[in-house]
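Keep the sequence and the 3D view side by side as you read. This report walks through helices, strands and charged pairs.

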Amino acid sequence: MKIKAILAEHNKYRDEVGVPPLRWSKKLAASAQKWANHLAATGTFDHSGAGENLASGTAGAYSVTQLIDLWGHEKKNFKNGIFPDVSTTGHWENVGHYTQVVWRKTTEVGCGLASGHGKDFLVCHYNPAGNFIGQKVF
């Protein structure tokens, strides 16, 4: 796992909006790895709970930073507001990964990566979780 690259990619997006950088959490990384292993073993693509981002791609085709950039690219539909009114499309789901990455109150991240069924699965867990109704993103 490329911890420095994962942190740098998250913090690049956070720096753009002026929120403090995330710290790596071994505890969150362990839970994220467990879920990534589950997704790889089952070939499913479901969330395990709140405070989580998922990405997948053809095995070996994407770096972890490219997978994180899938979330970052949602920025194009983001509008600063009170959650869930944060998307120019009218659907917060179109920016939900991005808002979790830049959520001001989030301080820690831990990620896991696993391969199976011809895909790589990246799971990142965040603490505290973001995307809370009635709160500002940053």
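Is Asp69 buried or exposed? Asp69 has a relative accessible area of 17%. The cut-off for buried is under 20%, so Asp69 counts as buried. Keep in mind that this is a predicted model.

## Salt bridges

Asp69 has a charged partner. Its side chain meets that of Lys12 in a salt bridge, at 3.6 Å from N to O. This pair links distant parts of the chain: Asp69 sits in helix H3 and Lys12 in helix H1, 57 residues apart.

How many salt bridges does a search of the whole structure find? The search finds 4.

| Pair | N to O distance |
|---|---|
| Asp69 and Lys12 | 3.6 Å |
| Lys75 and Glu16 | 2.8 Å |
| Lys79 and Asp85 | 3.0 Å |

Take Lys75 and Glu16, whose side chains meet in a salt bridge. This pair, too, links distant parts of the chain. Lys75 lies in the loop between H3 and H4, Glu16 lies in helix H1, and 59 residues separate them. Lys75 is partly exposed at 35%. Glu16 is partly exposed at 45%.

Now look at Lys79 and Asp85, another salt bridge. Lys79 has 33% relative accessibility and counts as partly exposed. Asp85 is partly exposed as well, with a relative accessible area of 46%.

## Helix H1

Helix H1 covers residues 3–16, which makes 14 residues. From its first C-alpha to its last it reaches 20 Å, close to the 20 Å expected at 1.5 Å a residue. Its buried residues are Ile6, Leu7, Glu9, His10, Asn11, Tyr13 and Arg14. What do the buried residues of H1 pack against? They pack against E1, helix H3 (64–72), helix H4 (96–102), E3 and E4. Just after H1 comes Gly18, with a positive phi of about 75°.

## Helix H2

Helix H2 runs over residues 26–42 and has 17 residues. It reaches 24 Å between its first and last C-alpha, close to the 24 Å expected at 1.5 Å a residue. At its start, a side-chain oxygen of Ser25 comes to within 3.4 Å of the backbone nitrogen of Lys27.

Which residues of H2 are buried? They are Leu28, Ala29, Ala32, Ala36, Leu39 and Ala40. Seen down the axis of H2, these buried residues fall within an arc of 100°, so they line one face of the helix. The face turned away from the buried side carries the exposed residues Lys27, Lys34 and Ala41. The cover over the buried residues includes E1, strand E2 (52–58), E3 and E4. H2 is followed by Gly43, whose phi is positive, near 75°.

## The strands

Now turn to the strands. Strand E1 (residues 23–24) and strand E3 (residues 108–116) run parallel, joined by 2 bridges. Here Arg23 stands opposite Glu108 in E3.

E3 also pairs with strand E4 (residues 119–127). These two run antiparallel, with 9 bridges between them. Ser115 stands opposite Asp120 in E4. The hairpin of E3 and E4 has 2 residues between the strands, and His117 takes a positive phi near 55° there.

## His125 in E4

Strand E4 also holds His125. Is His125 buried or exposed? At 9% relative accessibility, His125 counts as buried, because the cut-off is under 20%.

Which residues does His125 touch? Setting aside residues up to four places away in sequence, its contacts are Leu28, Ser31, Ala32, Ser48, Gly51, Glu52, Glu108, Val109 and Gly110. With Ser31 there is a polar contact, side chain to side chain, at 2.6 Å. Two of the residues touched, Leu28 and Ala32, are among the buried residues of H2. Another, Glu108, is the residue that Arg23 stands opposite.

Terms used: Residues are numbered from 1 along each chain as its sequence is written. This is a predicted model: local features need pLDDT of at least 70, side-chain atom pairs count only at pLDDT 80 or more; totals for chains, interfaces and linings use all residues. Side-chain values use heavy atoms; hydrogens and water are left out. Two strands pair if DSSP finds at least two bridges between them. Helices (H or I, at least four residues) and strands (E, at least two) are DSSP runs, numbered from the N terminus. Buried means under 20% relative accessible area, exposed over 50%, partly exposed in between (1.4 Å probe, protein chains only). A polar contact is a pair of N or O atoms within 3.5 Å; within protein, one must be able to donate a hydrogen and the other to accept it, and residues adjacent in sequence count only if both atoms are side-chain atoms. Contact means heavy atoms within 4.5 Å. The expected span of a helix is 1.5 Å times one less than its number of residues. The arc is that of the directions from the helix axis to the C-beta atoms.
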